[in-house]
Amino acid sequence: MSKFHKVFDTQKLFRQLLNSMAYAATVKNVHGICNGCDYAMDLYKSTQAIAISLLDTDTSYCVLGNKNIDEKIAMITYCQKKGIENADYIFIANENQFELPRVLEYAKVGTLIDPHSSATIIVECNSCTTGKTYSCKGPGIKERKEIKININCDWLDIRNEKNIEFPMGVDIIFVDRNYNLLALPRTTQVERV
């Protein structure tokens with residue numbers, strides 16, 4: 001049974017997610033909030049907690065992972081399952097991280113009238129603190145900031161192309177097994193170093 005409190009811990013985590021989006025390219029460690037979240041899914045505990053915090057009957061999701069994950073998320077959140085093209089939140093399990101470019105290609109970007117109807121992609125990576133180095137700039141970042149992400153795919157070009165027509169675009173939250181999360185909202189410009 002999970003020790004993750006569905007009211008108090010989801011509120012704390014949601015505030016951390018908002019803070020992470022506001023101060024893009026800043027690694028946040030959510031161990032203290034998410035360590036007790038264990039719903040026996042093949043996802044990191046922090047990813048499970050994010051799903052529980054963001055999903056409800058008014059949202060939709062898609063999971064790239066095994067059937068166990070899909071069934072548990074549906075049972076816990078009562079959220080609607082949809083395909084990549086129509087989901088509000090897309091979760092990519094660590095074993096499927098190579099799917100990020102395909103997900104980026106097909107994820108919804110919203111419209112000029114309703115840019116908020118775009119997708120948020122939560123992807124499990126190997127690390128949010130080591131790996132390839134990227135340079136970021138944009139709202140919430142003073143001048144420039146370097147980040148490191150260790151993921152087994154080439155995702156940057158398609159992400160930048162997908163977000164070219166602001167305010168439309170997709171937001172990405174990288175999560176690693178050490179309870180680190182790193183948000184790259186659509187407003188953040190990212191380049192290889």
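Gly-32 is found in helix H2, where helices (H or I, at least four residues) and strands (E, at least two) are DSSP runs numbered from the N terminus. At 76% relative accessibility, Gly-32 counts as exposed, a term that stands for over 50% relative accessible area, with buried meaning under 20% and partly exposed in between (1.4 Å probe, protein chains only). The C-alpha atoms of Gly-32 and Tyr-179 are separated by 8.9 Å, although the two residues are 147 residues apart along the chain.

This is a predicted model, in which local features need pLDDT of at least 70 and side-chain atom pairs count only at pLDDT 80 or more, while totals for chains, interfaces and linings use all residues. Residues are numbered from 1 along each chain as its sequence is written, and side-chain values use heavy atoms, with hydrogens and water left out.

**Backbone features**

Most residues other than glycine have a negative phi, and most peptide bonds are trans. Tyr-179, in the loop between E8 and strand E9 (180-184), is not a glycine and yet has a positive phi of about 70°; at 12% relative accessibility, this residue counts as buried. Glu-143, in the loop between strand E6 (127-137) and strand E7 (145-150), is likewise not a glycine and has a positive phi of about 60°, but at 68% relative accessibility Glu-143 counts as exposed. The peptide bond from Phe-166 to Pro-167 is cis, with omega near 15°, and Pro-167 lies in the loop between helix H6 (156-162) and strand E8 (171-175).

**Helix H1**

Helix H1 (residues 8-22) has 15 residues and reaches 21 Å from its first C-alpha to its last, close to the 21 Å expected at 1.5 Å a residue, the expected span being 1.5 Å times one less than the number of residues. The buried residues of H1 are Asp-9, Thr-10, Leu-13, Leu-17 and Ser-20. Seen down the helix axis, these buried residues fall within an arc of 95°, so they line one face of H1; the arc is that of the directions from the axis to the C-beta atoms. They pack against strand E1 (28-29), helix H2 (31-34), helix H3 (45-54), E8 and E9, contact meaning heavy atoms within 4.5 Å. The face turned away from the buried side of H1 carries the exposed residues Phe-8 and Arg-15.

**Pockets**

A pocket is, on a 1 Å grid over the protein atoms alone, an open set of points where a 1.4 Å probe fits, with protein on both sides within 12 Å along at least five of seven lines, and its lining residues have an atom within 4 Å of a point. In the table, Ala, Val, Leu, Ile, Met, Phe, Trp, Tyr, Cys and Pro count as nonpolar, Asp, Glu, Lys and Arg as charged, and the others, Gly among them, as polar.

| Pocket | Volume | Lining residues |
|---|---|---|
| Largest pocket | about 290 Å³ | eight nonpolar, four polar, three charged |
| Second largest pocket | about 160 Å³ | three nonpolar, five polar, two charged |

Of the 15 residues that line the largest pocket, the closest to its centre are Met-21, Leu-54, Tyr-89, Thr-120 and Asp-171. The largest share of this lining, four residues, comes from H1, and H1 and E8 each supply at least two residues. For the second largest pocket, H6 and strand E10 (189-192) each supply at least two lining residues.

How values were computed:
Points joined across faces, edges and corners; volume = space filled by probe spheres on them.
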